[in-house]
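Subject: the model you asked about

Hi,

Here is the structure, as promised. Have a look at it first, and then read on for what I found.

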Amino acid sequence: MLRGIYPGRFQPFHLGHLSVVKWALERVDELIIIVGSAQESHTLNNPFTAGERIEMIRMALKEYGIPTDRYYIIPIPDILMNNVWAYHVKMYVPAFQKVFARNPLVVRLFKEAGVEIDIPPAFNREKYNSTLIRKLIIMNEEWKDLVPSSVYNYIKSIKGDERLKEITGSDKK
Ligand code: NMN
């Protein structure tokens with residue numbers, strides 16, 4: 001049984017993330033999707049709660065026919081000590097042999113902890129990019145095609161787009 005982890009903030013979960021999940025599931029039996037910065041929500045960079053991100057990921061994977069017994073979704077809050085973060089992650093999740101990551105800090109910290117790293121392809125990073133999606137939402141531009149339709153519908157249903165626009169607002173007239 002080969003297991004891998006895929007850490008990310010998923011703010012929000014988009015089609016690039018979905019491609020990484022599929023790519024990783026061709027290489028391991030089970031994938032542990034780590035919802036990082038779990039303590040964060042209601043900010044420009046982290047508008048969604050960990051619970052909301054778990055819901056959107058599960059809906060997306062269901063939409064694309066990925067069986068629930070092939071993945072876990074586990075939220076993990078950040079800690080102030082990068083040097084021990086890989087061990088902090090290990091404490092919260094089932095045993096794993098591989099890390100799927102492109103984030104250089106994540107790669108570095110797991111490498112130092114002696115874990116094998118598998119770097120997934122970038123999957124059209126310019127287009128499928130959470131920072132860009134948050135920007136498009138704020139600017140009232142089209143972002144529907146960048147996320148699974150279940151994620152789009154979910155964000156609309158919780159008025160996540162309105163939340164993001166509201167928290168960018170200034171209290172100065
Ligand atoms: O590449 P992104 O989407 O930012 O995801 C990486 C995740 O890993 C983030 O949630 C980040 O905060 C987390 N992380 C946390 C620590 C820490 O808590 N010290 C260190 C490195 C990465």
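Which residues of helix 2 are buried? They are Ala-50, Glu-52, Arg-53, Met-56, Ile-57, Ala-60 and Leu-61, where buried takes 20 or more other C-beta atoms within 10 Å of a residue's own, exposed takes 12 or fewer, partly exposed is anything in between, and the C-beta atoms are placed from the backbone. Seen down the helix axis, these buried residues fall within an arc of 160°, so they line one face of helix 2; the arc is taken over the directions from the axis to the C-beta atoms.

Before the rest, some housekeeping. This is a predicted model, so local features need pLDDT of at least 70 and side-chain atom pairs count only at pLDDT 80 or more, while totals for chains, interfaces and linings use all residues. Residues are numbered from 1 along each chain as its sequence is written. Helices (H or I, at least four residues) and strands (E, at least two) are DSSP runs, numbered from the N terminus.

Helix 2 and its surroundings

Helix 2 covers residues 50–63, 14 residues in total. From first C-alpha to last it reaches 20 Å, close to the expected 20 Å at 1.5 Å a residue (the expected span is 1.5 Å times one less than the number of residues). Its buried residues pack against helix 1 (15–25), strand 2 (30–35), strand 3 (71–75) and helix 6 (149–157); contact here means C-beta atoms, placed from the backbone, within 7 Å. Just after helix 2, Gly-65 takes a positive phi of about 70°.

Helix 1 has its own buried set: Gly-16, His-17, Leu-18, Val-20, Val-21 and Ala-24. Those residues pack against strand 1, strand 2, helix 2 and strand 4 (98–100).

In strand 3 you will find Ile-74, which counts as partly exposed because it has 19 C-beta neighbours inside 10 Å. Leaving out residues up to four places away in sequence, Ile-74 touches Ile-32, Ile-34, Val-35, Tyr-92 and Val-93. Lys-159 is 85 residues from Ile-74 along the chain, and their C-alpha atoms are separated by 24 Å.

The ligand

What surrounds the ligand? There are 13 residues around it, and the closest are Arg-9, Gly-36, Ser-37, Asp-78 and Asn-103; a residue counts as near if its C-beta atom, placed from the backbone, lies within 6 Å. Strand 1 (3–8) and helix 4 (104–112) are the elements that give two or more residues to this shell. Helix 4 gives the most, with three. By class, the shell has six nonpolar, five polar and two charged residues. Nonpolar covers Ala, Val, Leu, Ile, Met, Phe, Trp, Tyr, Cys and Pro, charged covers Asp, Glu, Lys and Arg, and the others, Gly among them, are polar.

Also in helix 4 is Val-107, partly exposed because it has 15 other C-beta atoms within 10 Å. It touches Ala-101 and Ile-117, again not counting residues up to four places away in sequence. Val-107 and Ile-119 are twelve residues apart in sequence, and 8.5 Å apart from C-alpha to C-alpha.

Gln-11 and Pro-12 are joined by a cis peptide bond, with omega about 0°. Pro-12 sits in the loop between strand 1 and helix 1. Its C-alpha is 8.9 Å from that of Thr-131, although the two are 119 residues apart in sequence. Thr-131 belongs to helix 5 (residues 130–138) and is exposed, because 10 other C-beta atoms lie within 10 Å.

Two asparagines have positive phi without being glycine. For Asn-124, phi is near 50°; this residue is in the loop between strand 5 (116–118) and helix 5, and is exposed with 12 other C-beta atoms within 10 Å. For Asn-140, phi is about 60°; Asn-140 is in the loop between helix 5 and helix 6, and counts as exposed with 9 C-beta neighbours inside 10 Å.

The record

UniProt lists residues 5–135 as "domain: Cytidyltransferase-like", from an unreviewed entry; its positions are given in the numbering used here, feature names are shortened, and annotations may be inferred rather than shown by experiment. Over residues 5–135 the chain is 37% helix and 16% strand, with the end C-alpha atoms 28 Å apart.

Cheers

Definitions and conventions
Two residues are in contact if their C-beta atoms, placed from the backbone, lie within 7 Å.
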